[in-house]
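Biologist: Please take me through this structure one step at a time, in plain words.

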Amino acid sequence: VVGTIEATPMSAPVPMADGLLVFLAAGSVLRATTLTGQPRWEAQVPARYPPLGWHGTVLVAERSAVRAFSPDGGQLWRVELAGEVAGSLVGLPDGDVLVPVRGDDRIGYLVADRHGGLRAVPAHLPPGELVVPLPGTRRLVLPGWAETDDLGEPHPTVIVVDRETGEVVQRHRLRAEVRSLAAGANGLAAVAASPTWEYWTRYHGWPGFDLSDDCYVLLLDGDGPRGEWRAGRPVTGPLAIGADGDLLVPVSGDLVSLG
């Protein structure tokens, strides 16, 4: 143990390039400490989601606003939104930040630039926690609206959207709901589709209910699907990219590394 942070963290600490950890603390406080737990600065922020450290800036989402702080705790800007924030902020490769929103006039995403300017992704999209930029492009990968088959049954989908035009350039029907997304430096995005562990334990093995094929990871690039990996059991946690560029997949108590 090299340090102790004396606080009641309300979010996981976010590491910054200057060696600070930034997190939400009890009492609607955004706090920055050193790795050894020494406080550096704090600000009163009624944040609803964990902070995002991106390109040297700390960003936090309030109920209907986004606020940006410098590494030393100075407020850079605060911008009001026409709607409520509907998920965590997502950093984009060019330094902009994606903001999921839900309001009377827009359901989808806004893009905030480094100076607090806002522009909309011109598409009616389901906002939420699950969205990643497709590497090497200006496109987003996210769950789409459900697609109904000829029998009237809804099926989950994943879509690829151009964030400048709002055009849906790919749409893929899935065998189960999207549970997690990740994007690697090799230009691929990984989509984990799986029933929940509760659904699996309740129904798998019943007559006609072999759910093994519904547990898989779909790999996409800018041209479409590149393949899939069958997990055979539920994906029970978030996907992650390892230090060597491998894809880490939590599968029912195991951690699987895919090259």
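Biologist: Through how many residues does a hairpin join β6 to β7?
Modeller: A quick note before we count: this is a predicted model, and its residues are numbered from 1 along each chain as the sequence is written. Local features need pLDDT of at least 70, side-chain atom pairs count only at pLDDT 80 or more, and totals for chains, interfaces and linings use all residues, while side-chain values use heavy atoms, with hydrogens and water left out. Strands are DSSP runs (E, at least two residues), numbered from the N terminus. The link in the hairpin from β6 to β7 is made of three residues.

Biologist: Over how many bridges do β6 and β7 pair?
Modeller: Two strands pair if DSSP finds at least two bridges between them. β7 covers residues 65–69, and the sense of its pairing with β6 is antiparallel. Within this pair, L59 stands opposite A68 in β7. The number of bridges between β6 and β7 is four.

Biologist: Which residue in the turn between β5 and β6 has a positive phi?
Modeller: Strand β5 (residues 52–54) pairs with β6 in the antiparallel sense over three bridges, and W54 stands opposite T57 in β6. The two strands form a hairpin with two residues between them. The one in the turn with a positive phi, of about 50°, is H55.

Biologist: Is strand β6 enclosed or open to the outside, and how many of its residues are buried?
Modeller: Buried means under 20% relative accessible area, exposed means over 50%, and partly exposed lies in between (1.4 Å probe, protein chains only). T57, L59 and A61 are buried on one side of β6, and V58 and V60 are buried on the other. Strand β6 is largely enclosed by the rest of the structure, because the buried share of its residues (57–61) is five of the five.

Biologist: How far apart are the polar contact atoms of R67 and E62?
Modeller: R67 is found in strand β7 and is buried, with a relative accessible area of 13%. A polar contact is a pair of N or O atoms within 3.5 Å; within protein, one must be able to donate a hydrogen and the other to accept it, and residues adjacent in sequence count only if both atoms are side-chain atoms. The R67 side chain makes such a contact with the side chain of Q75 at 3.4 Å. Its side-chain contact with E62 is 2.6 Å.

Biologist: In the sheet β22-β23-β24, which residue of β24 is the bridge partner of L247?
Modeller: These three strands form an open sheet with antiparallel pairing. β22 (240–241) and β24 (254–258) stand at its edges with a single partner strand each, so one side of each is left without a neighbour in the sheet. Strand β23 (residues 247–251) is joined to β24 by five bridges. Across from L247, the partner in β24 is L258.

Biologist: What is the volume of the largest pocket?
Modeller: On a 1 Å grid over the protein atoms alone, a pocket is an open set of points where a 1.4 Å probe fits, with protein on both sides within 12 Å along at least five of seven lines; lining residues have an atom within 4 Å of a point. Grid points are joined across faces, edges and corners, and a volume is the space filled by probe spheres set on the points. For the largest pocket, this comes to about 230 Å³.

Biologist: Which of its 18 lining residues are closest to its centre?
Modeller: Strands β18 (178–183), β19 (189–193), β20 (216–221) and β21 (224–230) each supply at least two residues of the lining. The closest to the centre are N186, L188, L219, L247 and G259.
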